[in-house]
Amino acid sequence: MKTRVLGKTGATISEIGFGAWQIGGSWGDVSEADGKRALNAALDSGVTLVDTADVYGDGRSEKIIAAVLKERGGEKPFVATKAGRRLNPHVTEGYTGANIEAFIDRSLSNLGVETLDLVQLHCPPTEVYYRPDLFGALDQLITKGKIRHYGVSVEKVEEALKAIEYPGVATVQIIYNIFRQRPQDLFFGEAKKKNVGVIVRVPLASGLLSGKIGRDTAFAADDHRNFNRHGEAFDVGETFAGVPFDAALDAVEQLRPLVPAGVPMAQFALRWILEQEAVSVVIPGARNEAQAQSNAAASALPAFDEKTRAAIAALYERLVKVHVHHRW
């Protein structure tokens with residue numbers, strides 16, 4: 001497992017992390033036992049960054065992480081969580097220092113720690129990024145010792161660019177994958193200039209870039225790939241990266257010939273993301289041990305050749321860009 005530095009945090013972390021949304025909820029039935037096995041498999045494979053949120057299973061994900069780390073003992077991975085989506089309604093006015101501190105206190109309890117490594121504002125409304133008072137409140141939480149660092153998880157490139165104007169923002173979590181390429185146009189360069197860590201989520205476009213989903217694939221009623229295809233519950237860009245299902249499947253078929261023999265498409269898609277030097281870590285989720293181990297193995301793949309990079313760029317321009325580029 002290769003490592004990178006997570007921006008201003010100074011932490012050296014594995015370039016493949018573990019996204020803990022799947023072990024929390026909204027991905028169908030993933031038992032607590034399976035969730036623990038998946039996380040253990042990732043940690044055993046060299047993963048040293050775990051990303052979660054207080055709303056993943058209403059704290060279930062954070063509690064599973066705490067239990068696994070307590071059972072394992074020894075050196076702890078870097079754990080990033082998120083706050084803000086517990087607000088109901090989820091509106092700009094709810095993003096106050098007091099509310100965020102209350103959410104952080106709950107996460108401290110769920111994770112069983114005295115200080116959180118990293119707290120990220122969890123895809124807040126765009127107006128929140130224009131609230132310097134809130135970022136000042138986050139600075140105060142560092143002073144209080146409740147958090148070591150803070151960052152943001154964004155939906156749009158524009159939000160990311162605004163966020164990194166605040167000197168205290170150490171990281172930005174953003175969607176970036178073969179089907180969502182806009183961050184590389186401007187944001188990655190700006191983040192690198194300001195030494196902001198970049199955490200890449202939805203790297204496999206909700207499983208589409210595993211190559212294992214077809215038009216007849218059935219998703220459970222409580223799986224967001226069933227109930228959020230049109231943005232019914234949250235931003236549609238979080239589900240299948242915002243690409244219409246049939247169009248995305250067509251693009252996957254065009255991608256298959258580019259994947260080297262013997263390499264799982266998921267690993268290929270993860271390695272493509274790691275081609276970007278500005279990326280600090282990519283955080284695929286996993287429902288079981290095998291997925292966690294396979295994801296971690298992507299770090300060992302060789303760099304892409306220019307022909308493959310060009311072919312993927314052309315595929316995006318031809319089949320995907322019209323659906324997503326202007327939106328996020």
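The entries below go from the sheet to the cavities, a pocket and the rings.

**Basis.** I am working with a predicted model, where local features need pLDDT of at least 70, side-chain atom pairs count only at pLDDT 80 or more, and totals for chains, interfaces and linings use all residues. I number residues from 1 along each chain as its sequence is written, and side-chain values use heavy atoms, with hydrogens and water left out.

**Sheet.** I took helices (H or I, at least four residues) and strands (E, at least two) as DSSP runs, numbered from the N terminus. I counted two strands as paired if DSSP finds at least two bridges between them. I found an open sheet of 8 strands in the order 3-4-5-6-7-8-9-10, with parallel pairing. Its edges are strand 3 (18-19) and strand 10 (281-282), each of which pairs on one side only.

**Strand 8.** I then followed strand 8 to its neighbours. With strand 7 (residues 147-153), strand 8 pairs in the parallel sense over 4 bridges, and Tyr150 has Val169 of strand 8 as its bridge partner. Strand 9 (residues 197-201) also runs parallel to strand 8, joined by 5 bridges; here Ile175 has Arg201 as its partner. Buried or exposed, for strand 8? I noted 7 of its 7 residues as buried, where buried means under 20% relative accessible area, exposed over 50% and partly exposed in between (1.4 Å probe, protein chains only).

**Cavities.** I used a 1 Å grid over the protein atoms alone: a cavity is a set of points where a 1.4 Å probe fits but cannot get out, a pocket is an open set with protein on both sides within 12 Å along at least five of seven lines, and lining residues have an atom within 4 Å of a point. Points are joined across faces, edges and corners, and a volume is the space filled by probe spheres set on them. I got 2 cavities of 30 Å³ or more.

The largest cavity holds about 50 Å³. Strand 8 (169-175) and helix 11 (306-324) are the elements that give two or more residues to its lining. Among the lining residues I listed Glu155, Ile174, Ile175, Arg180, Tyr316 and Trp328. By class this lining has 6 nonpolar, 2 polar and 3 charged residues; I counted Ala, Val, Leu, Ile, Met, Phe, Trp, Tyr, Cys and Pro as nonpolar, Asp, Glu, Lys and Arg as charged, and the others, Gly among them, as polar.

The second largest cavity has about 30 Å³. Helix 10 (residues 289-297) gives the most to its lining, with 3 residues. I found 7 nonpolar, 3 polar and no charged residues there.

**Pocket.** I put the second largest pocket at about 270 Å³. Of its 18 lining residues, Leu69, Lys76, Val79, Leu111 and Val113 lie nearest the centre. Helix 2 supplies the largest share, 4 residues. The classes are 10 nonpolar, 3 polar and 5 charged.

**Rings.** I paired rings of Phe, Tyr and Trp (its six-membered ring) if their centres lie within 6.5 Å, with planes under 30 degrees apart stacked, over 60 edge-to-face and the rest tilted. I counted 11 aromatic pairs. Phe240 and Phe245 form a tilted one, 5.0 Å centre to centre with 40° between the planes, and both residues are buried. Arg229 lies over the face of Phe245, 4.3 Å from the ring centre; the rule asks for NZ of Lys or CZ of Arg within 6 Å of the centre and within 35 degrees of the ring normal. I also noted a cluster of Trp21, Tyr56, Phe227 and Phe234, linked by ring pairs.
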